[in-house]
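Visitor: I am new to this structure and would like to learn how to read its salt bridges. Could you walk me through them?

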Amino acid sequence: LARYISESNADGNATVALFSPSWVSDNIDISGIKKPGDSVEKDFEIRNYTKDNHLSEVCVRYKIVLKTTGNLPLHFALLDKSTLQSQSWNCAGNSGECTFEYESLSVFAPATKQSHGYTLLVEWNSEQNGAQFAGAVDAVCIEVEWTQED
């Protein structure tokens, strides 16, 4: 009787493409809006690389999501500086939580350093000065949702 043994060994390396989008702003602080007639304008940038210059190696699409508790009658306008498109939203001030979305028409190409600039304008119309808004506060949150494209 004979026994036969067969053996094999293999090595391999797997790599994963880097996904490293980011958004940059000094501070999107709208606390300057305290009364009807006040407004604040803030610039920010969305890009496909980090502050350490780690560049995304995949196609990236994104959506900007603005959420507010809806306590104040605020008008929001978002200007996409790369396409000169703008979108605006109104919150009545008594509607409860509001969510607004802006989906970019542009896609970041892989391994190509790119950025898109935006301006956010937040206004409190001076004609909306009802007593129900006295002492009210509002919370506004901006998020960026990223999606890897094939």
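Guide: Here is a short tour of the charged pairs and their surroundings. This is a predicted model, with local features needing pLDDT of at least 70, side-chain atom pairs counting only at pLDDT 80 or more, and totals for chains, interfaces and linings using all residues. Residues are numbered from 1 along each chain as its sequence is written, and side-chain values use heavy atoms, leaving out hydrogens and water.

Visitor: What is a salt bridge, and how many does the search of the whole structure find?

Guide: The term means a side-chain nitrogen of Lys or Arg within 4 Å of a carboxyl oxygen of Asp or Glu. Searching the whole structure gives seven. One of them joins Asp38 to Lys35, with the closest N and O atoms 2.9 Å apart.

Visitor: Is Asp38 buried or exposed?

Guide: Buried means under 20% relative accessible area, exposed over 50%, and partly exposed in between (1.4 Å probe, protein chains only). Asp38 has 13% relative accessibility, so Asp38 counts as buried.

Visitor: Which parts of the chain does the pair of Glu101 and Lys63 link?

Guide: Strands are DSSP runs (E, at least two residues), numbered from the N terminus. In the salt bridge between Glu101 and Lys63, the closest N and O atoms are 3.5 Å apart. The pair links distant parts of the chain, 38 residues apart: Glu101 lies in strand β6 (residues 98-103) and Lys63 in strand β3 (residues 59-68). Glu101 is partly exposed, at 41% relative accessibility.

Visitor: Which residues are linked with Lys63 in a network of salt bridges?

Guide: Glu101 and Glu145 join Lys63 in that network.

How values were computed:
Helix = DSSP H or I, 4+ residues; strand = E, 2+ residues; numbered from the N terminus.
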